[in-house]
Amino acid sequence: VLLAGASQAAAPAAFTVDVTGLGRPLILIPGLASSGEVWQGTVARLCGPKTGRACHVLTLAGFAGVAPIDGNLLAQAEQQLADYIVEQKLGQPAIIGHSLGGFLGLKMAIDHPAQTGKLLIVDSLPALGAVQMPNATPEQLQAMSSQMQSAMRAQDVASSSASQRRTVAGMATAPADVERIIGWGQRSDRETVIRAMGTLMASDLRQDVAKVQSPTLVLGTWIAYRDYAPRAAIEATFQQQYAQLPGVRIALA
């Protein structure tokens, strides 16, 4: 396990890294409150023996038992990941990110194109807070984010756990997977999760994605939201939010 920020004594590590395999590098970033273990099946397929690839799997600070850090987690993780790529001489590795990890991958491609290769974004949008209000202003997104964070902090432990279980049960099918994901959430620092979710809700990258130079594939799903919107509406949201990203390919599972 490598610690990001290890060469910068003043910068607490924003993530840990597990490396599997040798060869062409891939960066894999999990979603909110998730461990890098979520990528185990992917790593076995892409970076097993004789594949010629090396998977660098992140777990962010404050998630799944990794020690939390102060400040803006995503901003620190982005900068430390760019530094890690340079320090490890990885060139322009492909980046695969799920949900919050996909958002971080987009930020890397926007802000650090020299350290970002191909992008695979899974179940992530440039402006999560704008799903229900496409024309939301930055001020409105920030207000929505603040309200959501206040509501999350006001929940007692039992209510928070019940809410987490409902959410996860709607997004994973195998009972064993549901329990693993819930376990990672229980081992995550609550304030880190709340603040990271707040950052996602307040952010809007819909115009900034025009700066992305990386070939990008976006994989989405609609099944978790089937009670709220038909597949066509979910697909339209993905198409609209990524409209400014040059040459983007979007596919829904």
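## Lining of the second largest pocket

The residues lining the second largest pocket of this predicted model divide into nine nonpolar, one polar and three charged, where Ala, Val, Leu, Ile, Met, Phe, Trp, Tyr, Cys and Pro count as nonpolar, Asp, Glu, Lys and Arg as charged, and the others, Gly among them, as polar. A pocket here is an open set of points on a 1 Å grid over the protein atoms alone, where a 1.4 Å probe fits, with protein on both sides within 12 Å along at least five of seven lines, and lining residues have an atom within 4 Å of a point.

Of the 13 lining residues, Arg-24, Leu-26, Arg-53, Ala-94 and Lys-118 lie nearest the centre of the pocket. Strand E3 (24-29), strand E5 (94-98) and strand E6 (119-122) are the elements that give two or more residues to this lining, strands being DSSP runs of E with at least two residues and helices runs of H or I with at least four, numbered from the N terminus.

## Gln-80 in helix H2

Gln-80, in helix H2 (residues 73-87), is buried with a relative accessible area of 6%, buried meaning under 20% with a 1.4 Å probe and protein chains only. The side chain of Gln-80 reaches the backbone oxygen of Pro-12 at 2.8 Å.

## Helix H7

Buried residues of H7 include Thr-192, Val-193, Ile-194 and Ala-196, and what covers the buried residues of H7 includes H2, helix H3 (100-111) and helix H4 (138-154).

## Basis of the values

Residues are numbered from 1 along each chain as its sequence is written, and side-chain values use heavy atoms, with hydrogens and water left out. Local features need pLDDT of at least 70 and side-chain atom pairs count only at pLDDT 80 or more, whereas totals for chains, interfaces and linings use all residues.

Note on methods:
Buried means under 20% relative accessible area, exposed over 50%, partly exposed in between (1.4 Å probe, protein chains only). A polar contact is a pair of N or O atoms within 3.5 Å; within protein, one must be able to donate a hydrogen and the other to accept it, and residues adjacent in sequence count only if both atoms are side-chain atoms. Contact means heavy atoms within 4.5 Å.
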